[in-house]
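Please consider the structure shown below.

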Amino acid sequence: MSRARLKICGVAHIDDLAACAAAGVDAIGLNFWTGSKRHVDRATARALVDAWPGGIERIGVFVDDDPGEVAARARALALDWIQPHGARPIADYLALGLPTIWVIRGAPDLEALELPTPTPGRILLAAAVPGFGGAGVRTDWAWARRAVTRLSSVAPVWLAGGITPENAAEALAAVDPAGLDVASGAELPGDPRARKDPTRIAALVDICNNRGADDR
């Protein structure tokens, strides 16, 4: 079993970016939704991108943004992926031809789930919570495991929702996702500034790196 990949989402400060790089995360999410306490404005996003370490995926998180604006932002910031949320159909963003993460919120009926076209490059399973993530609410792992079984042939499936250093190993064993997507779980509990904690990030990286270590 290969190592799991790790995305730290909602990075909004240069030193938090540096902590992610030092720990060896695979991807970092920039949240462009103004309703989030992890929101980054244009100037902050530019500063982060200018300091971006090599080898780490750059993912833009959007909520119901106009597809043309998303495409322009993706080009300006050289985003590796876009991650749309909200009521607008995922097909509107897939039509841009950009690497796109399809977010499935809640636990919909997998048999009735309609796969979008064109095929997304990655799938993210997330809890259905107000605010589009970062609330520390756990996704239904039993449902997520079934989703991974069904959807992994479509695209790599990652897991988000209430993942912390304390439960990440359990989540990997229960769900078997390709990667974990963590926001609040990489922060000091209750921190209103949503600053990332280097110790928690390093612990998450270690857990992901050691998934399946006994099988190697």
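Are H5 and H6 parallel or oblique to each other? This is a predicted model, in which local features need pLDDT of at least 70 and side-chain atom pairs count only at pLDDT 80 or more, while totals for chains, interfaces and linings use all residues. Residues are numbered from 1 along each chain as its sequence is written, and side-chain values use heavy atoms, without hydrogens and water.

Two packed helices are described by the angle between their axes and the distance between the axes. For helix H5 (residues 141-151) and helix H6 (residues 168-175), the axes come within 8 Å and cross at roughly 50 degrees. H5 and H6 are therefore oblique to each other; angles under 35 degrees count as roughly parallel, over 145 as roughly antiparallel, 65 to 115 as roughly perpendicular and the rest as oblique. In contact (heavy atoms within 4.5 Å), Trp141, Ala144, Arg145 and Val148 of H5 meet Glu170, Ala171, Ala174 and Val175 of H6. By class, this contact of H5 with H6 comprises six nonpolar, no polar and two charged residues.

The buried residues (under 20% relative accessible area) of H5 are Trp141, Trp143, Ala144, Ala147, Val148 and Leu151. Seen down the axis of H5, they fall within an arc of 150 degrees, so they line one face of the helix. Their cover includes strand E5 (101-105), strand E6 (122-126), strand E7 (157-160) and H6.

Elsewhere, Pro89 lies in the loop between strand E4 (81-85) and helix H4 (90-94).

Conventions:
Axes fitted to C-alpha atoms, helices over the stretch in contact; angles between N-to-C directions. Helix = DSSP H or I, 4+ residues; strand = E, 2+ residues; numbered from the N terminus. Nonpolar A, V, L, I, M, F, W, Y, C, P; charged D, E, K, R; others polar. Buried < 20%, exposed > 50% of the residue type's maximum accessible area, 1.4 Å probe, protein only. Arc of directions from axis to C-beta.
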